[in-house]
Amino acid sequence: MIKGLRALSTHLPPLVNRVLDAGNLCVACLDPAPTGLCQACFDALPVNRTPCRCCALPLPASTPAAALCGDCQARPPHFRHTISPWLYGFPVDQLISGYKYRRQPSLGHPLVQAWLTQCGTALAPSGDLPELLIPTPMRPWRQRRRGFNQAEDIAEQLGRHLDLPWSASTVRRVGPQQPQAGLQRRQRLRNLGTAFQVWGPVPDRVAIVDDVMTTGATARAMARALSRAGVSDIQVWALARTPLG
């Protein structure tokens with residue numbers, strides 16, 4: 001279980017993707033797995049068991065269900081709910097890192113399927129599906145350098161499985177913000193104060209889609225722009241949440 005991930009990640013990305021796609025192997029242990037993640041490795045993923053009901057920040061195990069973290073109580077964001085079932089720890093961090101930094105979609109796509117297995121089946125019957133999925137936009141120069149935007153890829157897959165439209169042009173980054181990596185939470189919030197602009201009409205119910213929610217600064221800034229554009233119900237969908245906001 002989860003025995004082959006680090007060794008596999010040292011291979012060339014095209015080889016990794018070809019081997020995993022062709023053989024229907026588990027990305028974590030290399031055992032047979034039609035969905036890319038065997039049941040044993042799926043069960044071993046670090047579950048976000050006591051999330052803040054608004055931003056999904058992991059709270060102490062003794063926290064009552066559906067509680068709010070201190071920050072969401074003091075500064076309620078413009079989104080009402082976050083679905084982020086996994087913690088950003090091993091092996092989720094390794095899978096996402098290979099997915100977006102080494103262009104290995106075969107490492108990230110099984111996590112999308114795991115998200116659907118864990119969360120998707122409960123969304124449709126509850127009537128909590130949004131009308132549009134909006135991936136977190138990337139600065140153009142960064143997307144050109146990386147070759148793709150993983151949030152767009154995730155939104156496309158989720159939209160296809162849940163029969164939901166998605167749009168990469170509804171929210172765009174504007175202005176010369178500095179990279180978020182390495183900034184403290186307050187600096188991230190200030191850096192993204194006017195970073196997003198909404199283009200065109202937007203439905204009442206949307207979900208912001210990303211791979212990892214770290215401090216929540218990006219989601220807060222996007223949700224604020226969407227709310228000002230008239231969106232009344234905003235969710236955040238992410239594969240993983242960092243243990244500390």
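Where is leucine 57 placed relative to helix H3 and helix H4? Leucine 57 sits in the loop between helix H3 (39-44) and helix H4 (70-74). The model is predicted.

**Leucine 57**

- Leucine 57 counts as buried because its relative accessibility is 17%, and buried means under 20%.
- Arginine 241 is 184 residues from leucine 57 along the chain.

**Glutamine 157**

- Glutamine 157 belongs to helix H8, which spans residues 150-162.
- Its relative accessible area is 6%, so glutamine 157 is buried.
- The side chain of glutamine 157 makes a polar contact of 3.1 Å with the side chain of histidine 109.
- Leaving aside residues up to four places away in sequence, glutamine 157 touches Tyr99, His109 and Val112.

**H6 against H8**

- Two packed helices are described by the angle between their axes and the distance between the axes.
- For helix H6 (residues 105-126) and H8, the angle is about 45° and the axes are 10 Å apart.
- H6 is therefore oblique to H8.
- H6 and H8 cross with right-handed geometry.
- On the H6 side, the contact uses His109, Val112, Gln113, Trp115, Leu116 and Gly120. On the H8 side, the partners are Asp153, Ile154, Gln157, Leu158, His161 and Leu162.
- By type, the residues of the H6 and H8 contact are six nonpolar, five polar and one charged.

**H5 against H6**

- Helix H5 (residues 92-101) and H6 cross at roughly 130°, and their axes come within 7 Å.
- At that angle, H5 is oblique to H6.
- The H5 and H6 crossing is left-handed.
- H5 contributes Val92, Leu95, Ile96, Gly98 and Tyr99 to the contact. H6 contributes Pro105, Leu107, Gly108, His109 and Leu111.
- Seven residues of the H5 and H6 contact are nonpolar, three are polar and none is charged.

**Where the contacts meet**

How values were computed: Residues are numbered from 1 along each chain as its sequence is written. This is a predicted model: local features need pLDDT of at least 70, side-chain atom pairs count only at pLDDT 80 or more; totals for chains, interfaces and linings use all residues. Side-chain values use heavy atoms; hydrogens and water are left out. Helices (H or I, at least four residues) and strands (E, at least two) are DSSP runs, numbered from the N terminus. Buried means under 20% relative accessible area, exposed over 50%, partly exposed in between (1.4 Å probe, protein chains only). A polar contact is a pair of N or O atoms within 3.5 Å; within protein, one must be able to donate a hydrogen and the other to accept it, and residues adjacent in sequence count only if both atoms are side-chain atoms. Contact means heavy atoms within 4.5 Å. Axes are lines fitted to C-alpha atoms, for helices over the stretch in contact, and angles run from 0 to 180 degrees between N-to-C directions. Angles under 35 degrees count as roughly parallel, over 145 as roughly antiparallel, 65 to 115 as roughly perpendicular and the rest as oblique. A crossing is left-handed if the near helix is turned anticlockwise from the far one by less than a right angle, and right-handed if clockwise. Ala, Val, Leu, Ile, Met, Phe, Trp, Tyr, Cys and Pro count as nonpolar, Asp, Glu, Lys and Arg as charged, and the others, Gly among them, as polar.
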